[in-house]
Amino acid sequence: MTKRILDNSISRRSMLVGLGSAAVAGLAMPNLLIGGAKAQGKYKLDLGGYTGPEPTSQPITLRFMRQDFTPEVNALIEKAYAEFTAAYPNITITEEKVPYGDLQKKMQVYVSSGDAPDIMMGRTDFSEAYHAGQISVPMQQFFSKEYLEDFPAPLLEAASSHGNVYCLPWETVGTMLYFNRDIFEKAGIPTPVESTDLEAGWNVEEFLGTMEELTKKLRAAGDTQTWAVAAAASGNGGPGSNYTQLEAIWIRSQGDANAPKDSSAYKTLMGVSEDGRSATGYIDTPEAVLGMTNYQAMFSRKLTPLGAVPNQYPGGLAATYFGGLNYAMRFLGPNGNPGFRWGTTTTPRGKFVFTSNSSDSPLIWSKSKYQPEAAALLGYICNNPNRIAFHRAWGSLPARYSLRNEMEEFKTLQPFQLAAKLSTVSHGAPRTAGYFDYFNAMNPAVKDIALGADPQATLTDAAGKIDRLLAKYR
């Protein structure tokens with residue numbers, strides 16, 4: 001079996017608190033140790049970027065835990081299983097489909113039990129935890145340098161820790177601002193600029209001012225059903241539903257990667273201290289407070305609902321919506337026309353346009369007995385034909401350049417080109433082994449602010465709570 005490349009400086013005495021509780025000496029990213037060995041022999045299938053040994057001829061069973069998709073997407077993945085086992089009939093694949101919101105908790109239970117599936121669906125947000133708890137095997141020993149470099153550098157970095165790639169990005173995010181042309185036209189307000197220029201869209205003040213003017217004109221015309229900004233549709237919906245990919249835009253876009261490291265602007269973008277143990281001075285900075293004050297204005301000015309409203313934007317009842325590529329893929333698909341004219345632009349710009357690259361990313365359990373076989377299966381599921389079929393059915397942004405190059409949409413259509421460009425300048429989650437605790441504390445704080453709580457006091461309280469939660473990762 002291919003030798004594991006594991007950092008043994010982390011004690012196994014406490015495999016998991018949250019998602020990895022062992023001490024982390026420092027979270028700075030060294031150069032990635034990318035580049036697997038040359039492919040050993042000719043494989044029976046197109047195993048994508050896999051370069052490990054030919055899968056065993058002995059009878060084995062591979063277990064895969066992933067989220068439950070729509071029936072058509074589930075069918076595509078199950079078809080890939082069947083093709084893999086037809087080529088390797090000695091390998092049985094069993095899967096457990098879990099509701100998306102339960103994946104990380106289920107992983108905690110499995111890892112702490114010592115009997116986890118060979119492959120589990122993780123997220124790039126938790127790469128520090130996968131390192132700290134020695135949960136995942138480093139992936140670069142099984143995949144080629146060329147394959148790993150096919151990912152945008154910020155995304156590969158987000159999937160990595162201490163020089164090792166711990167999970168394989170399944171897709172990624174390029175959050176854009178969708179708009180409904182018909183609503184803007186009805187209100188007599190110009191639509192935003194459609195471009196791939198990240199400086200061409202509205203800044204925060206322009207966005208809020210335009211949304212306020214739009215709301216006044218809609219209400220003056222007797223329209224009480226249409227909103228300027230659709231309610232968030234992630235998670236349970238409404239405010240505080242998805243800090244990582246959505247509400248963090250308001251705070252982290254006020255930061256500055258080029259500012260001095262001891263400045264509040266730099267710390268605002270980073271979101272956590274360099275050792276991954278403190279949020280105080282990072283999420284409660286003047287810049288962060290300004291960001292959340294702007295966020296609160298959407299609710300206090302009644303530009304967006306205070307709660308969850310399903311399908312508000314695709315139903316034609318909202319002028320704008322913060323979202324990824326899925327609506328563009330859906331609207332342009334067969335029978336996907338929403339019944340209104342639509343477009344995309346960048347999300348409101350603080351000091352810059354911020355987008356998260358948080359990505360669902362399968363990993364291979366470090367204690368799996370069948371690591372090469374698990375990697376080979378992932379290589380097959382993630383080869384270009386299978387991934388393109390997945391993205392066409394699911395609608396998410398492909399994680400790799402070569403996939404985008406094979407899809408005509410990315411050559412000709414602005415929403416796809418904008419999403420792709422955003423992914424090249426995206427940012428990972430704040431780097432801490434305790435990020436599971438971090439965002440679970442931020443989501444309710446964001447909701448409280450939306451409902452009227454004082455941004456400074458709420459962020460200060462949240463920072464203190466996160467500091468206490470991160471203390472166990474020492």
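Predicted model: local features only at pLDDT ≥ 70, side-chain atom pairs only at ≥ 80, totals over all residues.

1. Glu95 and Lys97 form a salt bridge whose closest N and O atoms are 3.2 Å apart, a salt bridge being a side-chain nitrogen of Lys or Arg within 4 Å of a carboxyl oxygen of Asp or Glu. Glu95 is partly exposed at 26% relative accessible area and Lys97 is partly exposed at 36%, where buried means under 20%, exposed over 50% and partly exposed in between, with a 1.4 Å probe and protein chains only.

2. Residues are numbered from 1 along each chain as its sequence is written, and side-chain values use heavy atoms, with hydrogens and water left out.

3. Glu128 and Arg431 also meet in a salt bridge, at 2.8 Å from N to O, and this pair links parts of the chain that are 303 residues apart. Glu128 is buried at 1% relative accessibility, and Arg431 is buried at 18%.

4. A further salt bridge joins Arg341 and Asp182 at 2.7 Å, N to O, so that parts 159 residues apart in sequence are tied together. Here Arg341 is partly exposed, at 41%, as is Asp182, at 29%.

5. The axes of helix α1 (residues 71–87) and helix α12 (residues 371–381) come within 10 Å and cross at roughly 125°, the axes being lines fitted to C-alpha atoms over the stretch in contact, with angles from 0 to 180 degrees between N-to-C directions. Helices are DSSP runs (H or I, at least four residues), numbered from the N terminus.

How values were computed. Helix = DSSP H or I, 4+ residues; strand = E, 2+ residues; numbered from the N terminus.
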